[in-house]
Amino acid sequence: MERVLARAAELQGIGGGEEDGDAITEDKLLEIAKEAGLTVTSVRQALAEERTRVSNDTDDDRRWLVRVAGPTSVSASRTIPGEPEAIIAYLDAYMQRDECMQVQRRFADRVTWEARNDWVAAIKRGLRSGGRSYQLSRASQVAATVVPVDDNRSLVRLDADLAPSRTNIVRAGGAVTATGIVAGGTFLAGATVAHGALGIALGLTAFPIAIAGGGAYLILRRHHGFAERMTLALEQVLDRLEYGESRRPANLFDAITVQRNSSSSQTMESGS
């Protein structure tokens, strides 16, 4: 019964099954908003933001870890003039050309990318080709969700998944903490066996634990800086999307990348 109900709720969420006559449609919501004195523009903006919202239950359950080590994901959103199809096409070309990424999944209004692992991408990232930092390729996944706000504008939301990075940082901090506890326990055991003074024994025990705790905290805080740099990289993508960018001169790596993407597209078309 639980599986059936869960599947029914999932189907209704993606538009399956019969339409519920009691459900509030977008037109009904706009009428209610008008009666409440809200503008159509603000309601459409709120609807677009709700459609692009991505929940993060992990961070909600571990707020203390977010405060210390940082979030598992970062995002940036902006309302930009343009149609969703054109915006997604631009983002796809930019991610593959300038961020050394490749498409992971495609949906109707959402595309996800992951870092490329071929030799061309490795060399470009290693040499920082074009003076770029390739910050987004350090995320395990970058996603773009684009929904229309009105006939002329679209809401663009970019998300970067940092969960693996934070997991590694937390493990490193935990290892340092465990080392300090073991060292403190060793000092305490040695002082007890030697019948040393209790105060000196506790002091020897607390010292390595305090040092390890401070080191673990500094390690965890490193993820905060990483998350801030990733957020800045997402905002810079939105800047280029909104204000445009002067195309830098193409180099050898760009030519190889374009040829690679073209060959992949031809292979997919011939296969289909």
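**Close-up views of a predicted chain**

Among contacts (heavy atoms within 4.5 Å) in the chain between residues at least 6 apart in sequence, 72% join residues at least 24 apart. This is a predicted model, in which local features need pLDDT of at least 70 and side-chain atom pairs count only at pLDDT 80 or more, while totals for chains, interfaces and linings use all residues. Residues are numbered from 1 along each chain as its sequence is written, and side-chain values use heavy atoms, with hydrogens and water left out.

**View 1. The whole chain.** Ten helices and five strands make up the secondary structure of the chain; helices (H or I, at least four residues) and strands (E, at least two) are DSSP runs, numbered from the N terminus. Of the 272 residues, 33% count as buried, where buried means under 20% relative accessible area, exposed over 50%, and partly exposed in between (1.4 Å probe, protein chains only). The accessible surface comes to about 16,800 Å², and carbon and sulfur atoms account for 57% of it. These areas come from the Shrake-Rupley method with a 1.4 Å probe; for residues, only the protein chains shown count as cover.

**View 2. The nonpolar cores.** A nonpolar core is a set of buried Ala, Val, Leu, Ile, Met, Phe, Trp, Tyr and Cys residues joined through side-chain atoms within 4.5 Å. The largest one has 28 residues, and L91, L136, V142 and V156 have the most contacts inside it. Two or more residues of this core come from each of β1 (73-81), α6 (84-98), β3, β4, β5 and α9 (198-243). Helix α9 gives the largest share, eight residues. Another core lies apart from it and has five residues, among them L65, A69, I219 and L220. In soluble globular proteins, nonpolar side chains tend to be buried together.

**View 3. Strand β4 and its partners.** Strand β4 (residues 141-148) is mostly covered, with six of its eight residues buried. Two strands pair if DSSP finds at least two bridges between them. Strand β3 (residues 110-115) runs antiparallel to β4 and is joined to it by four bridges; W113 has V142 of β4 as its bridge partner. Eight bridges join β4 to strand β5 (residues 153-161), also antiparallel, and Q141 has D161 of β5 as its bridge partner. Four residues separate β4 from β5 in the hairpin that they form.

**View 4. V142 and T145.** Not counting residues up to four places away in sequence, V142 touches M95, M101, V111, T112, W113, L136, D159, A160 and L234. T145 lies in strand β4 and counts as buried because its relative accessibility is 4%.

**View 5. Helix α7.** In α7 (residues 119-127), V120, A121 and K124 are buried. These residues are on the same side of α7 because they cover an arc of only 95° around the axis, taken from the directions from the helix axis to the C-beta atoms. W119, G126 and L127 are exposed on the other side. At the start of α7, a side-chain oxygen of D118 reaches to within 3.2 Å of the backbone nitrogen of V120. R128 follows α7 and has a positive phi, near 50°.

How values were computed. A polar contact is a pair of N or O atoms within 3.5 Å; within protein, one must be able to donate a hydrogen and the other to accept it, and residues adjacent in sequence count only if both atoms are side-chain atoms.
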